[in-house]
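The following report describes a single protein model.

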Amino acid sequence: MSGRQKPMAEATSSTEGSWSALFSEKRGERAETPELLKALTPLALKRANAPSQHLVTLANILSAQVVLNGAAAARTAGRELAPLCKPALQQQQSNFQKRDAPDVAIHVLSFVNAAEVCGLVEGQLKASPALTWLKALAKKPQDQEDLLLYRCGWIALALGEPELAARLVGGGALPGSFTPGEQFGFNVQGFIRYLAAGLEQKASAADMRPAWQSYVEGFPLNMASQRASWMDLLWAGRVYYAGFEGLPVAEVGEAVHSRVKPAA
């Protein structure tokens, strides 16, 4: 497997599309995220009988809170929302059977993932019908935007299904050989397939670390170009830290936060 993209230089400048910019006080996102959660939580709780509607909006916000402010801050901000995870997954049963409505289901799953990697809930992704849905999705023509399918690929990897992830993101069958230490920069499809191959070949964390670091370094520019979101980073972090570093899922969020936060 060949990493067709070179990794970008480490993002330490204050320019747009860098980690320093994302953590900058001038940008305001780090401070605004907990305020958004605080403002939107009462609305979600008021409509607890229709939790999916609000979790779609809140998925990326809770993910941003984990990345920018750390797991403990996310647990505090999301504590009241955590009980909505299970009913939201149940409400999505019909969407899990539809090919034309994956986005809502992906956002609900991404909210659950953010809640799991910061320790708010546990085991709900594996208990959900997501795997059955993804397997059905992989059998149908892939006419959705790449970004949606890439998110499906992340979820399949998080569920320990590398071959399924490869089918969802495209590119053919996984190769029989594996080259440690490759890097993919902005090539998200290549990175997902590389992670899948690594899981298949039981690669070590050292084998996979350059690819993970390359993805992290390129993430701010990917997000600035609307080719990635905070949700995607947490999915990728879950696959890398839980799948290769052996961290418990509940510790993944803090590991991602610690990795991306610029040095003081």
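## A left-handed helix crossing

Helix 9 passes helix 13 in a left-handed crossing, a term that applies if the near helix is turned anticlockwise from the far one by less than a right angle. The axes of helix 9 (residues 146-158) and helix 13 (residues 230-243) come within 9 Å of each other and cross at roughly 30°, where axes are lines fitted to C-alpha atoms over the stretch in contact and angles run from 0 to 180 degrees between N-to-C directions. The two helices are therefore roughly parallel to each other, the class for angles under 35 degrees.

On the helix 9 side, the contact (heavy atoms within 4.5 Å) involves Leu147, Arg151, Trp154, Ile155, Leu157 and Ala158, which meet Met231, Asp232, Trp235, Ala236, Arg238 and Val239 in helix 13. The residues of this contact divide into nine nonpolar, no polar and three charged; here Ala, Val, Leu, Ile, Met, Phe, Trp, Tyr, Cys and Pro count as nonpolar, Asp, Glu, Lys and Arg as charged, and the others, Gly among them, as polar.

## Basis of the model

The model is predicted, so that local features need pLDDT of at least 70 and side-chain atom pairs count only at pLDDT 80 or more, whereas totals for chains, interfaces and linings use all residues. Residues are numbered from 1 along each chain as its sequence is written, and side-chain values use heavy atoms, with hydrogens and water left out.

## Overall architecture

The protein chain has 14 helices and zero strands, these elements being DSSP runs numbered from the N terminus (helices H or I, at least four residues; strands E, at least two). Of its 264 residues, 53% count as buried, with buried meaning under 20% relative accessible area, exposed over 50% and partly exposed in between (1.4 Å probe, protein chains only). Among contacts between residues at least 6 apart in sequence, 71% join residues at least 24 apart.

## Aromatic pairs

A search of the whole structure finds 15 aromatic pairs, defined for rings of Phe, Tyr and Trp (its six-membered ring) whose centres lie within 6.5 Å, with planes under 30 degrees apart counted as stacked, over 60 as edge-to-face and the rest as tilted. Trp19 and Trp230 form a tilted pair, at 6.2 Å centre to centre and with 50° between the planes. Trp19 lies in helix 1 (residues 19-22) and Trp230 in helix 13, so this pair ties together parts that are 211 residues apart in sequence. Both Trp19 and Trp230 are buried.

Tyr240 and Tyr241 form an edge-to-face pair, at 4.9 Å centre to centre and with 70° between the planes. Tyr240 is buried at a relative accessible area of 1%, and Tyr241, at 10%, also counts as buried. Ring pairs link Trp19, Phe23, Trp154, Phe191, Trp212, Tyr215, Phe219, Trp230, Tyr240, Tyr241 and Phe244 into a cluster.

## A buried asparagine

Asn113 is found in helix 6 (residues 102-117) and, at 1% relative accessibility, counts as buried. Leaving aside residues up to four places away in sequence, Asn113 touches Leu234, Trp235 and Arg238.

## Positive phi angles in loops

Most residues other than glycine have a negative phi. Lys202, although not a glycine, has a positive phi of about 55°; Lys202 lies in the loop between helix 11 (188-200) and helix 12 (205-224) and counts as exposed at 73% relative accessibility.

Gln226, likewise not a glycine, has a positive phi of about 60°. Gln226 is placed in the loop between helix 12 and helix 13, and its relative accessibility of 66% counts as exposed.

How values were computed:
Angles under 35 degrees count as roughly parallel, over 145 as roughly antiparallel, 65 to 115 as roughly perpendicular and the rest as oblique.
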